[in-house]
Amino acid sequence: SEEIGAKHDLYATYKSLADVLKAEKNWEEFAEYFQKFYNTEKEVQSEEAKKQAEQLDYERKTAEKAKQTAIDRAKHEATEQLLHNVLPPSIAAKMLSGETLIAEKLDNVSVLFADIVNFTRLSQRISPEELVQGLDMVFSAFDVLAEKHGLEKIKTIGDSYMVVSGAPVPREDHAQAIAAMAIEMVESVRAFSSLAVGTSIEIRVGIHTGEVVAGVIGKKKFAYDMWGDAVNTASRMESHSEPGKIHITDEFAKALNTLDSDSLPLMADLKIVERGEIEIKGKGRMRTYFLEKAI
C-alpha cells in the first residue's frame, strides 16, 4: 500500500496495527503506527475535501456558464425580436448577421402618404387620451392593411402615415399593391364614426412612383427610412390632395398599367380620373389624377 500510495488502505492498516500494539501494551510501536494512522487519515480527508471543493467549483462554474449562456441567448432573442418589430425582416437579418451600414438604391418603388383632414382643429377639441387612442385606432387599421398587401410601413409623423411598396424587397406589382391599399385605407376610415367627438373623419392620400435611397439610421433607436424625389413628390401629392381622395402622379398612373390587367382583377375595380395640370409646391406644374374605385 505504501509503494502504490493506497492511502485509504494504509490508514485502515495503520489503525489495525496500532490497536494490536495497544492490546500488547507495546506503547512505543503503538505510538509510531497511531501517528502514521492519524497523519494518513488527515491526508486522505484533505485530499477528499480538495476533490470535493474542486467538484463544487466545477459545478458552480458550469452552472454560471449555463446561466450566462441562457442570459446571452435571451438577450439575443430579445434583440432579434426587437429588430423584427421595428425593421423589415430582410433588413433585420442583415443587422443580425453583423452588417453595420445598410443602404441601397431602389429604382422602382411606390410611396404613399396619408394624413387626417383637419387634424389640428380636431386635436384641440379632444383630450390627450382620446387623441392618442384615436390615432392608434386609425393607424393600427392601416398597419393591418399594409401587412395584408405585403407593404412596408415606414413611419408615422404626427397624423401622417407613410408606407412603401417594392422596398426593401422589390416587386413587379408595387403600384398595383399600393393602389389596393389606398382604396381600402379611404374606405376603412369611413368605418370610424369619429375620434371621440361625434364627427366623421376623412384622410387625404398621395402616391408617387420612382427611385429612392433606403437604409437604417440610428445607433440605439433604429429606423428604416428612405429619401429621394419619389418620397418628396408623394408627400406633395398628399398635401395637394382633397378629403377622401387618392391623388396620384402621371408616373404612378403609368406604372398601374404596366402589368396585364387580366392577371390583376383588382385593376378592373379601379378608375383613374384626370385632374389636369396643377401647380405643386416645389415641383411646378404637374399633370395629376385621382384614383377611385369603379362603381
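A charge sits over a ring if NZ of Lys or CZ of Arg is within 6 Å of the ring centre and within 35 degrees of the ring normal. In this predicted model, Lys 245 meets that description: Lys 245 lies over the face of Phe 290, at 5.3 Å from the ring centre. Lys 15 is placed in a like way, with its charged end over the ring of Phe 37, 6.0 Å from the centre of that ring.

**Overall make-up**

The protein has 295 residues, and 38% of them count as buried. Its secondary structure consists of 8 helices and 8 strands. Among contacts with a separation of 6 or more, 66% are between residues 24 or more positions apart. The exposed surface comes to about 17400 Å², of which carbon and sulfur atoms supply 51%.

Helix H1 covers residues 7-23, which is 17 residues. Four residues of H1 are buried: Leu 10, Tyr 14, Ala 18 and Leu 21. They lie on the same side of H1, because the arc they cover around the axis is only 70°. In general, an α-helix has 3.6 residues a turn, so residues three or four places apart point the same way.

Just after H1 comes Lys 25, with a positive phi of about 60°. Lys 25 belongs to the loop between H1 and H2 and is not a glycine. Is Lys 25 buried or exposed? Its relative accessibility is 59%, so Lys 25 counts as exposed.

**Aromatic pairs**

Across the whole structure, a search finds 7 aromatic pairs. One of them joins Phe 30 and Phe 34, whose ring centres are 5.7 Å apart; their planes stand at 35°, so this pair is tilted. Both residues belong to helix H2 (residues 27-86), where they are 4 residues apart, about one turn of the helix. Phe 30 counts as buried because its relative accessibility is 18%, under the limit of 20%. Phe 34, with a relative accessible area of 36%, is partly exposed.

Another tilted pair is made by Phe 139 and Phe 142, with planes at 40° and ring centres 6.1 Å apart. These two residues lie in helix H5 (residues 128-148); they are 3 residues apart, so about one helical turn separates them. Phe 139 and Phe 142 are both buried.

The two pairs are set out below.

| Pair | Distance between ring centres | Angle between planes |
|---|---|---|
| Phe 30 and Phe 34 | 5.7 Å | 35° |
| Phe 139 and Phe 142 | 6.1 Å | 40° |

Phe 30 and Phe 34 also take part in one aromatic cluster, together with Trp 27 and Phe 37. Phe 37 is the residue whose ring lies under the charged end of Lys 15.

**Backbone features in two other loops**

Asn 118 has a positive phi of about 55°, although Asn 118 is not a glycine. Where does Asn 118 lie? Its place is the loop between strand S1 (103-116) and helix H4 (119-123). With a relative accessible area of 45%, Asn 118 is partly exposed.

A cis peptide bond runs from Ala 167 to Pro 168, with omega near 0°. Pro 168 is found in the loop that lies between strand S3 (160-165) and helix H6 (174-189).

Notes. Residues are numbered from 1 along each chain as its sequence is written. This is a predicted model: local features need pLDDT of at least 70, side-chain atom pairs count only at pLDDT 80 or more; totals for chains, interfaces and linings use all residues. Side-chain values use heavy atoms; hydrogens and water are left out. The expected span of a helix is 1.5 Å times one less than its number of residues. Buried means under 20% relative accessible area, exposed over 50%, partly exposed in between (1.4 Å probe, protein chains only). The arc is that of the directions from the helix axis to the C-beta atoms. Rings of Phe, Tyr and Trp (its six-membered ring) pair if their centres lie within 6.5 Å; planes under 30 degrees apart count as stacked, over 60 as edge-to-face and the rest as tilted. Contact means heavy atoms within 4.5 Å. Accessible areas come from the Shrake-Rupley method with a 1.4 Å probe; for residues, only the protein chains shown count as cover.
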